[in-house]
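User: Can you walk me through this fold? I'm new to this, so please keep it simple.

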Amino acid sequence: MSMHEGHRERMRDKLVAHGEKLTDCEILEILLFDVISRKNTNPVAHLLLDSFGDLRGVFGATPRLLCTLTGIGPRTAEYIYLIGSIYRRMDEKARSRLRLYNAYDVSEHVRSRFAGCDRERLEIYFTDEDGFVLCTKIVEGADFSRVGISERQLEFLFKELSPQGVLLAHNHPSGDPYPSEKDDESLRKVFRVCKAYGVAVRDCVICADGNIYSYYLNGRMESFRTAQ
């Protein structure tokens, strides 16, 4: 392993272990690994920040402007500009993030998600304190009566996402939205894991041929909470 390869490996390990503690320069340095091979990218990262002030300036620069810097060729400039384009698109759409804040929003979203679905599917929506969805976990072909997702998987997602709440949705291809005893037992297991991590279970919804059954709207959530 060459000196540069060893350094890159250490930087990647640092990214995974303590990414939030990286400096802007270190972030750029690692980003450039993919387009500048077998060279020290640290000087280029410094030059970018010196030229454009901060990360917003770097990722807002045009490819032609980026190419005026020493060490930045067309491919590297296009790569940096692509990352900037992704950032700008995310920034523009931040206000349109999916929010499942009330029972109506949840029912409409679930109904649209499961329209025409004839296979068992489980979806778990991990939300922040304001109901914005951080991530959706989809388990295709799952039988919710057997949970569909293991406790270990849930624990991993809780650690990675740090959600404030979860909403569960699954379908009944049989056409009957009413929950079975196995559905209830599966929900109890989810409640137990959520309680251990301080995550609120906000609802569990079943969809069948467009019909929706909500544990929350049917007044059944409290009995699951008090049973823990």
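This is a predicted model: local features need pLDDT of at least 70, side-chain atom pairs count only at pLDDT 80 or more; totals for chains, interfaces and linings use all residues.

Analyst: Residues are numbered from 1 along each chain as its sequence is written, and side-chain values use heavy atoms, leaving out hydrogens and water.

User: In what order do the strands of the open sheet sit?

Analyst: Strands here are DSSP runs of E with at least two residues, helices are runs of H or I with at least four, and both are numbered from the N terminus. Two strands pair if DSSP finds at least two bridges between them. The edge strands, E2 (133-140) and E5 (211-214), each pair on one side only. The pairing is mixed, and the 5 strands run in the order E2-E1-E3-E4-E5.

User: In which sense do E3 and E4 pair?

Analyst: Let's look at a residue pair to begin with: asparagine 171 stands opposite cysteine 207 in E4. E1 and E3 pair in the antiparallel sense over 6 bridges. For E3 and E4 there are 7 bridges, and the sense is parallel.

User: How many residues of E3 are buried?

Analyst: Buried means under 20% relative accessible area, exposed means over 50%, and partly exposed is in between (1.4 Å probe, protein chains only). In a regular strand the side chains alternate between the two faces of the sheet. Both faces of E3 are covered, with Leu167 among the buried residues on one side and Leu168 among those on the other. E3 is largely enclosed by the rest of the structure, because the buried count is 7 of the 7.

User: Which residue does arginine 113 meet in a salt bridge?

Analyst: A salt bridge is a side-chain nitrogen of Lys or Arg within 4 Å of a carboxyl oxygen of Asp or Glu. The N to O distance is 3.0 Å, and the partner is glutamate 123.

User: How far apart along helix H9 are glutamate 185 and arginine 188?

Analyst: Their side chains meet in a salt bridge, at 3.2 Å from N to O. Glutamate 185 is partly exposed at 32%, and arginine 188 is partly exposed at 30%. Both lie in helix H9, about one turn of the helix apart, which is 3 residues.
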